[in-house]
Amino acid sequence: MKNSDQTKILCDMQSQGYSIIPDCISKKSVSAARYEYFQSLTSEDAHPPLERFKPIDLIEKPWRKFAIGSKTGNGEPYSQLLQTTYFSTDLPDYPILSKAFRRMIEIRNQLTKMPINFGSDLKKGDFWNACRAHHYPCGGGHMAPHKDTLFPKLLADFEFPFIQMLTTLTNRNCDFSYGGGYLVDRNWGKSFFENESNAGSLIIFDGEIVHGVEDVDPDLLLDMEAKSGRIALFVNLYANPK
């Protein structure tokens with residue numbers, strides 16, 4: 001990432017709490033990554049919300065879970081309905097997704113002044129890159145408005161900086177029609193950052209501002225396996241289990 005891009009991101013973060021970088025992933029790669037994601041739905045069974053796994057389990061295949069309930073798996077008290085699939089960046093069946101995740105990790109580490117591959121070794125270290133796809137299905141997929149509290153506190157204990165970031169794989173009025181991701185900026189303006197052509201955009205934001213996902217197409221029947229809905233990629237640092 002160029003120094004000028006980093007400067008713009010940091011200025012945007014200070015003034016409004018978020019920054020949007022269009023076409024961080026090319027349109028062609030977005031289509032391929034979305035195809036790989038939907039392929040993972042056919043090959044991996046879903047696990048219940050509170051079933052646990054270890055990072056090393058991802059070396060051979062992804063891990064898909066439903067995240068449904070009045071609180072998150074970590075006990076944070078906000079409602080959500082989505083499915084989350086965790087990926088290693090070295091799975092041969094998902095090369096485009098792996099490339100997208102690696103790109104996001106590099107940008108995050110650049111912005112936070114961390115080593116370029118920080119968190120990439122699943123077998124050692126205090127943290128690992130939780131590369132995952134959040135899929136909010138049509139028919140009511142959502143995440144209630146909230147601020148990030150767990151990750152900032154966890155990283156602060158190790159004196160690591162925290163920023164939140166995601167890359168979109170879907171477009172409004174194509175993959176879904178209503179709802180979607182939003183941020184409440186520092187002036188309390190609610191911004192739905194997804195539109196008809198935003199797939200591939202990188203959204204970087206301060207987790208301390210309110211954000212969420214408004215109900216996705218609540219007029220439709222819920223189908224967790226449908227090749228539609230709102231999809232975003234994340235690369236948060238998670239604590240490595242001892």
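Analyst: Strands here are DSSP runs of E with at least two residues, while helices are runs of H or I with at least four residues, numbered from the N terminus, and two strands pair if DSSP finds at least two bridges between them. The model is predicted, so local features need pLDDT of at least 70 and side-chain atom pairs count only at pLDDT 80 or more, whereas totals for chains, interfaces and linings use all residues. Residues are numbered from 1 along each chain as its sequence is written, and side-chain values use heavy atoms, with hydrogens and water left out.

The hairpin of β8 and β9 has five residues between the strands, and in it Trp 188 takes a positive phi near 65°. Strand β8 also pairs with β11 (residues 211-216), to which four bridges join it in an antiparallel arrangement; there Tyr 182 stands opposite Gly 212. Strand β8 itself, residues 180-184, is mostly covered, with five of its five residues buried, where buried means under 20% relative accessible area, exposed over 50% and partly exposed in between (1.4 Å probe, protein chains only).

As for the setting, 53% of the 242 residues of the protein chain count as buried, and its secondary structure comes to four helices and twelve strands. Among contacts (heavy atoms within 4.5 Å) between residues at least 6 apart in sequence, 75% join residues at least 24 apart.
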